[in-house]
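Morning, everyone. Please bring up the model.

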Amino acid sequence: MKTITLEEPGRFSLSDTPEPPAPGEGEAQVKIHRVGICGTDIHAYRGTMPFFTYPVVPGHELGVEVVATGIGVSNVREGDRCSVEPYLNCGHCPMCRAGRTNACIELKVLGIHTDGGMRELINVPAHKLHPSSVLPYEHLALVETLGIGCHAVQRAGLAEGENILVVGAGPIGLTVMAFARLAGAQVYAMDLNAERLGFCRREMQVQGTFLAGKGEPVGELREMLDGSMPSVVFDATGYGPSMEASLHFVQPGGRLVYVGVWNGSIGIDDPELHRKELTIMASRNAPSDDFPLIINNLESGQLTVNSWITHRCRESELMEQFPAWLQPEAGLLKGVVSFAH
Ligand SMILES: [Zn+2]
Ligand SMILES: [Zn+2]
């Protein structure tokens with residue numbers, strides 16, 4: 001079967017590999033139809049992912065079809081179209097026991113810590129499959145990405161009508177905006193890239209956008225919000241200096257949620273933290289329960305992601321096209337790879 005491997009930074013290969021064995025107890029064998037490309041994949045390709053080992057079969061955003069099931073599988077059957085929850089958790093650590101499977105102590109993410117879905121067939125635990133009879137494979141492939149925003153918004157415990165700011169208007173920031181809007185918040189977006197902010201105004205119906213990198217952001221934000229500051233700030237940049245600055249945008253008593261990950265330490269302005277009695281929290285991946293919820297939101301049309309997909313290719317074209325996707329002028333938001341069978 002066709003398999004794409006990231007052999008080392010900057011080099012994919014397309015090869016023929018043996019098909020997986022028949023699915024074992026509790027497993028399902030799935031045919032891969034669509035694979036979303038995200039920031040993690042780009043970091044891996046660029047060699048900027050810490051502790052990433054090569055070679056690896058990437059692919060953790062998957063829209064799949066069930067082709068066989070093992071003994072004891074009842075939640076899916078042959079022919080079902082599914083999204084894959086790629087977070088393989090241990091099931092017995094304190095985090096798993098608390099239902100926080102997204103942050104399992106021994107978590108292995110498909111396509112990151114273990115070979116993922118850039119191949120025609122894989123076996124996965126059947127309970128990691130979330131079916132939809134309605135959604136196309138392309139949208140099922142985006143459910144995992146949407147989970148990042150869904151979980152971040154749940155972490156913040158957003159109430160209707162809150163003013164919130166999302167710093168970083170890349171794909172992860174967009175997922176936060178989408179779920180914050182569903183929660184009834186007034187959403188503001190900040191980014192260094194004016195085009196991305198334009199996308200937020202057109203496609204995400206945000207209340208206001210703020211171009212970072214110049215001026216005096218605290219004062220300008222306060223003006224935009226009629227004298228107040230956001231009660232929740234989500235930092236989706238994964239960039240340390242931005243994460244430090246975001247503390248200054250939160251109103252007293254507010255929450256700061258770090259959605260993006262930075263590979264290093266960040267400094268916290270403690271007098272500011274204490275003066276405002278702020279709460280800082282991290283958000284990682286998404287628990288299992290979020291997947292059916294997101295699928296419902298997509299099926300009902302409350303969430304739409306069509307306009308997010310800016311680049312598409314077939315598996316045979318990825319090696320040639322990927323470097324061009326990474327050029328700033330390409331305007332990549334979400335790329336989707338399709339497997340032809
Ligand atoms: Zn991803
Ligand atoms: Zn665990």
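Start with the second largest pocket: its lining has six nonpolar, five polar and two charged residues. Here Ala, Val, Leu, Ile, Met, Phe, Trp, Tyr, Cys and Pro count as nonpolar, Asp, Glu, Lys and Arg as charged, and the others, Gly among them, as polar.

This is a predicted model, where local features need pLDDT of at least 70, side-chain atom pairs count only at pLDDT 80 or more, and totals for linings use all residues. Residues are numbered from 1 along each chain as its sequence is written, and side-chain values use heavy atoms, without hydrogens and water.

What is a pocket? On a 1 Å grid over the protein atoms alone, a pocket is an open set of points with protein on both sides within 12 Å along at least five of seven lines, while a cavity is a set where a 1.4 Å probe fits but cannot get out; lining residues have an atom within 4 Å of a point.

The second largest pocket holds about 200 Å³. Closest to its centre, of 13 lining residues, are Arg-181, Glu-203, Met-204, Gln-302 and Thr-304. Helix α5 (residues 171–182) gives the largest share of that lining, three residues. Helices are DSSP runs (H or I, at least four residues), numbered from the N terminus.

Now the cavities. The whole structure has one of 30 Å³ or more. A volume is the space filled by probe spheres set on the points, joined across faces, edges and corners. Among the residues lining the largest cavity are Leu-6, Phe-12 and Asp-41.

Last, the charged residue. The backbone oxygen of Asp-115 lies 3.3 Å from a polar side-chain atom of Arg-119.

Conventions
Chains lettered and ligands numbered in written order. Polar contact = N/O pair within 3.5 Å; in protein donor to acceptor, adjacent residues only side chain to side chain. Helix = DSSP H or I, 4+ residues; strand = E, 2+ residues; numbered from the N terminus.
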